[in-house]
Amino acid sequence: MSEGRIYLDNAATSWPKPNAVYEAVDHYQRTLGAPAGRGVYREAVEVERLVAETRRRAAELLGVSDPSRIIFTGNGTDSLNIAIHGLLREGDHVITTVTEHNSVLRPLRELERENRISVSRIRCDGQGFIDPADFAAALKPQTRLFILGHVSNVSGAVQPIEEVGRMAREHGAFYLIDAAQSLGHLPLSVRNCQADFVAAPGHKGLLGPLGCGILYLGEKTDGHITTIRQGGTGTASETDQQPDSLPDRFESGNLNVPAIIGLGAGLKFLSQRAAGEASAKETPTPGNILTRQICDGLCSIPGVRVYGPNSGGNRLGVVSISVASYDSREVAALLDSVHYVQTRPGIHCAPLMHQAFNTLQTGGLVRLSVGHFSSADDVNTAVDAVAELAASSL
Ligand SMILES: Cc1ncc(COP(=O)(O)O)c(C=O)c1O
């Protein structure tokens with residue numbers, strides 16, 4: 001089925017995964033088959049150990065010394081909702097940007113519609129970059145939260161998360177980073193960017209299966225976040241009150257253990273690869289080379305317009321294009337049916353980003369996104385396929 005398949009939809013979910021991820025999930029399903037944190041028999045204890053190891057690896061990735069500050073969630077959206085709905089109170093003001101995904105925009109819009117909060121959405125430039133000064137300009141006495149996506153899932157632009165973090169700290173606002181498109185591809189230290197929350201799916205750059213996400217909760221958030229769900233945690237079972245301790249407070253119900261254990265294998269793969277790259281003395285990562293290759297290749301095609309930063313800019317390999325007068329859905333369907341090149345057309349759950357690019361009313365763009373296992377040949381084939389399609393309409 002997958003022979004010849006060129007998968008360039010890694011911004012949606014990464015594929016393939018490292019073999020170790022498949023093996024870890026298979027081992028759990030066939031052999032371990034126990035819930036986490038709820039049994040004393042040997043398989044349950046082993047599951048508990050593997051879940052704790054995944055938590056430790058996720059904490060290490062973010063430079064967090066206490067793994068209990070990492071919460072497992074169902075996906076990136078779940079992480080963002082836990083932070084946004086858990087933190088915000090009547091009268092709060094939030095500053096965010098037009099580059100965000102609907103998993104930020106919609107929870108905010110919902111609270112705004114109920115007249116509970118107010119929101120400032122700051123603009124981006126023609127390449128998709130925000131200006132940190134706009135955060136400062138939007139400040140109000142009641143500003144309580146800054147939210148910024150590290151990397152846009154449309155433009156691939158890498159935002160200045162550290163500068164914005166300094167401003168949040170100066171103003172005393174909480175700071176939530178949506179690292180959905182960056183984690184696993186770019187380093188992110190919660191200390192350097194002064195983040196109070198980092199939300200991310202486990203199934204994109206971190207290489208875990210679908211159905212898992214993580215949320216980092218900084219010390220400053222203690223006592224400020226209500227739980228949007230309560231229930232069994234396997235701890236403090238003698239009381240019917242939700243425990244205060246982390247991570248249990250935010251992990252009610254059985255965890256998606258197969259996905260979390262798979263995520264652990266993905267994180268291990270990434271740390272081993274990073275160690276290999278460090279010992280090879282700073283060779284550019286394949287991702288960087290492919291980012292340049294795909295941007296340059298697509299930019300050189302007559303009739304194709306690449307949105308977002310150019311290949312030399314501060315960007316990742318999430319590249320959105322228009323192809324001559326074609327509708328984005330038509331392009332994506334033809335790329336798949338004729339060339340087996342898989343991309344994502346449309347608005348990418350980022351309506352304000354497309355509005356900023358003037359592509360909202362015209363059916364959006366075609367997004368090609370490279371992943372950890374994409375190759376130079378994949379990119380060449382995709383670029384040739386787009387060129388063939390573009391030529392046919394000229
Ligand atoms: C920037 C961004 N934020 C959040 C999300 C939501 O992640 P999930 O699909 O895991 O809920 C996505 C997913 O595409 C994304 O690209």
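The centres of domain 1 and domain 2, taken over C-alpha atoms, sit 28 Å apart. Where they touch, domain 1 puts in 29 residues and domain 2 puts in 21 residues. Keep in mind that you're looking at a predicted model.

**How the chain is divided**

- Domain 1 runs over 19–272, and domain 2 covers 284–392.

**Where the domains meet**

- Together, domain 1 and domain 2 bury about 2,000 Å² between them. Carbon and sulfur atoms account for 67% of that area.
- If you go looking for salt bridges between domain 1 and domain 2, you'll find zero.
- Polar contacts are another story: ten residue pairs link domain 1 and domain 2 this way, counting pairs with both residues at pLDDT 80 or more.
- On the side of domain 1 that touches domain 2, the elements giving two or more residues are helix H4 (102–113) and helix H8 (257–279).
- Sorted by class, that side of domain 1 has twelve nonpolar, 15 polar and two charged residues.

**Around the ligand**

- There are 13 residues around the ligand, and the ones that come nearest are Thr-77, Asp-178, Gln-181, His-203 and Lys-204.
- Lys-204 has a polar side-chain atom 2.5 Å from an oxygen atom of the ligand.
- Gln-181 also uses its side chain: one of its N or O atoms there is 2.7 Å from a ligand oxygen atom.
- With Gly-76, it's the backbone that does the reaching, as a backbone N or O atom lies 2.9 Å from an oxygen atom of the ligand.

**Backbone features to look out for**

- Some background first: most residues other than glycine have a negative phi, and most peptide bonds are trans.
- The peptide bond from Trp-15 to Pro-16 is cis, and its omega is near -5 degrees. You'll find Pro-16 in the loop between strand S1 (6–7) and helix H1 (19–32).
- Another cis peptide bond goes from Leu-246 to Pro-247, with omega near 0 degrees. Pro-247 belongs to the loop between strand S8 (213–217) and H8, and H8 is one of the helices on the side of domain 1 that touches domain 2.
- Leu-207 isn't a glycine, yet it has a positive phi of about 75 degrees. To spot Leu-207, follow the loop between strand S7 (197–201) and S8.

How values were computed
Residues are numbered from 1 along each chain as its sequence is written. This is a predicted model: local features need pLDDT of at least 70, side-chain atom pairs count only at pLDDT 80 or more; totals for chains, interfaces and linings use all residues. Side-chain values use heavy atoms; hydrogens and water are left out. Domain bounds come from an automatic or database domain assignment. Contact means heavy atoms within 4.5 Å. Buried area is the accessible area (1.4 Å probe) that two parts lose on being put together, summed over both. A salt bridge is a side-chain nitrogen of Lys or Arg within 4 Å of a carboxyl oxygen of Asp or Glu. A polar contact is a pair of N or O atoms within 3.5 Å; within protein, one must be able to donate a hydrogen and the other to accept it, and residues adjacent in sequence count only if both atoms are side-chain atoms. Helices (H or I, at least four residues) and strands (E, at least two) are DSSP runs, numbered from the N terminus. Ala, Val, Leu, Ile, Met, Phe, Trp, Tyr, Cys and Pro count as nonpolar, Asp, Glu, Lys and Arg as charged, and the others, Gly among them, as polar. A residue is near a molecule or strand if one of its heavy atoms lies within 4 Å of it.
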